[in-house]
Structure formats: C-alpha cells, structure tokens
Amino acid sequence: MRTAIASILVAGLVVILGGLAFLYSGIYDVSATAPHWPVTRWVLETARTRSIKAHSASIEAPPGLDDGAKILIGVAHFAAHCAVCHGAPGVPKGDISTGLNPQPPDLAHASIRHTAPELFWILKHGIKMTGMPAWRDHSDDELWATVAFLQKLPGMSEEDYGKLVMASMTQGTSHHHSDSDQGRPGQTAPERHQHPEPED
Ligand code: HEC
C-alpha cells in the first residue's frame, strides 16, 4: 500500500516537473497563426460553453426585446462596434478580424446557439483569450438592445439590414460618443454611456 502511494506521488511529481519543463522550454507556440492542438481546442471550447451557461444562469431577459425601438438601438450598436469583427449581412469582416485566432464567428446563428441571457453575459463580459472584448462600459439597456438585434439576425437579408441601419440613423439612435470613442473601460469616464436613448 505504501509503495503504491509513493509511486502515485512520484508519478504526480514527474508530470508536474515535465509540465514545467515544457512551459519554460518555450516549445509551445502562442502565435495566432498556429492552429490549436485538438486537445487545447476541446479544453477551451468546453470551458467556454460551460462557463457561459453557468454564469448566465441567474440572468433574466427583460420583457419587450421584440420592440422595434430597441432593435434600432441594437443595430446602431452592432454596426458601430461589432460588424468590424463579426461582419453583418452584406458587410464583410474588417481587416482586424482576419488575423484573430480564434476567428470571430459570423453571428447569423448566435441567437440560435445561445439564449438571450447567455448573449447578454457574453456581450457584457467578453471571452478571455479570444479577442472578444467585454462591453461593460455600455449600459445594460444598450446591451439588451444589441441582444434584441441579434435575435432578429438569423435569416436577415442584406437589404433588411441596410434598411434597419438607415432607420436607426434617421431616428437618431445611431451610436455616437461625444468624447473619443476608443471605447475601452478605464480610458474614459465610466458613466459616459448612460445617456438616455432613444429620443422617441
Ligand atoms: C476585436 C474583435 C471583436 C469585436 C469588436 C467583437 N467581437 Fe464578438 N467575438 C470575437 C471573437 C474572436 C469571438 C470568438 C470567441 C470564441 O471563439 O470563443 C467572439 C464571439 C462572440 C459571440 C459568441 C458567438 C458564439 O456563437 O458563441 C457573440 C455573441 C459576440 N461575439 C458578439 C459580439 C457583439 C454583439 C459585439 C459588439 C458589441 C462584438 N461581439 C464585438 C471578436 C470580436
């Protein structure tokens, strides 16, 4: 019995030392051009899916996500902040997107894969180690409006997307910041996104 325990301890130590040696050797390739190993991809995907589900479990979607005014606010946010990485109907992804690993997915089916609370949580908190930013400097209302838009996105035509963007501009819901719009938390006053919208 004692030799069995000793063997397990030694084996554990060898694994830990081997891991450390691997880490310090620099063999692991962190470059964005190198694809993940299947095992790394599995670990990351599983952690991501389980984490999003667990962390959004207590969030409740507010009523009225189907409201046209909300969707207009959402489309303005999406066009201003998200299409550059994710693209939109008729809008190709921007060049910042092409070098990212993982690639920002097309969001046409995001609302089929994720519930509204899950989408809200992803938008608010971002996803570590992926390039998906947290949008915590946006008000919850604005984030729910973006979720409302994402729920309308499956099957949306290029023409309908164009019309929605135009409508958001003419209704004054287009997304604008009076201060520099570099948009990351900590760079500007935290309350700057609390402006009342829409002007209806
Ligand atoms: C700098 C690029 C970038 C920007 C800007 C960006 N995202 Fe992302 N987003 C990503 C990446 C990369 C992923 C993939 C993360 C992963 O693979 O786990 C992602 C993932 C997502 C997902 C999860 C998709 C899924 O099917 O699981 C949603 C939803 C999302 N983004 C919404 C948004 C919204 C809404 C905005 C704007 C408020 C936005 N993103 C802005 C890079 C970006």
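What pattern does the protein chain follow when read along the sequence? The pattern is α-α-α-α-α-α-α-α, and the secondary structure comes to 8 helices and 0 strands. Helices (H or I, at least four residues) and strands (E, at least two) are taken as DSSP runs and numbered from the N terminus. The model is predicted: local features need pLDDT of at least 70, side-chain atom pairs count only at pLDDT 80 or more, and totals for chains, interfaces and linings use all residues. Residues are numbered from 1 along each chain as its sequence is written.

Of the 200 residues of the protein chain, 22% count as buried. A residue is called buried if 20 or more other C-beta atoms lie within 10 Å of its own, exposed if 12 or fewer do, and partly exposed in between, with C-beta atoms placed from the backbone. Among the contacts in the protein chain with a separation of 6 or more, 72% are accounted for by residues 24 or more positions apart.

Leaving aside neighbours within four places in sequence, Val-147 is in contact with Leu-65, Ala-116, Leu-119, Phe-120 and Leu-123. Val-147 and Ala-116 are 31 residues apart in sequence, and their C-alpha atoms are 6.4 Å apart in space.

The packing of helices comes next. Two packed helices are described by the angle between their axes and the distance between the axes. Here the axes are lines fitted to C-alpha atoms, for helices over the stretch in contact, and angles run from 0 to 180 degrees between N-to-C directions. The axes of H3 and H7 come within 7 Å and cross at roughly 95 degrees, which makes H3 roughly perpendicular to H7. Angles under 35 degrees count as roughly parallel, over 145 as roughly antiparallel, 65 to 115 as roughly perpendicular and the rest as oblique. H3 contributes Lys-70, Ile-71, Ile-73, Gly-74, Val-75, His-77 and Phe-78 to this contact, and H7 contributes Glu-142, Ala-145, Thr-146, Ala-148, Phe-149 and Lys-152. These residues divide into 7 nonpolar, 3 polar and 3 charged. In this classification Ala, Val, Leu, Ile, Met, Phe, Trp, Tyr, Cys and Pro are nonpolar, Asp, Glu, Lys and Arg are charged, and the others, Gly among them, are polar.

Helix H2 (residues 38-56) packs against H6 at an angle of about 105 degrees, with the axes 9 Å apart; H2 is therefore roughly perpendicular to H6. Ile-52, Lys-53, His-55 and Ser-56 of H2 meet Pro-117, Glu-118, Trp-121 and Ile-122 of H6. The contact consists of 4 nonpolar, 2 polar and 2 charged residues.

H3 and H6 also take part in the ligand site. The ligand is surrounded by 26 residues, of which the closest are Cys-82, Cys-85, Pro-104, Thr-130 and Met-132. Helix H3 (68-86), helix H5 (110-113) and helix H6 (116-125) are the elements that give two or more residues to this shell. H3 gives the most, with 7 residues. By class, the shell has 18 nonpolar, 6 polar and 2 charged residues.

Most residues other than glycine have a negative phi, and most peptide bonds are trans. The peptide bond from Asn-101 to Pro-102 is cis, with omega near 5 degrees, and Pro-102 is found in the loop between helix H4 (95-98) and H5. Met-129, in the loop between H6 and H7, has a positive phi near 60 degrees. Met-129 is exposed, with 9 other C-beta atoms within 10 Å. Asp-137 also lies in the loop between H6 and H7, but it is buried, with 20 other C-beta atoms within 10 Å. The C-alpha atoms of Asp-137 and Lys-124, 13 residues apart along the chain, are separated by 8.4 Å.

Key: Near = placed C-beta within 6 Å. Contact = placed C-beta atoms within 7 Å.
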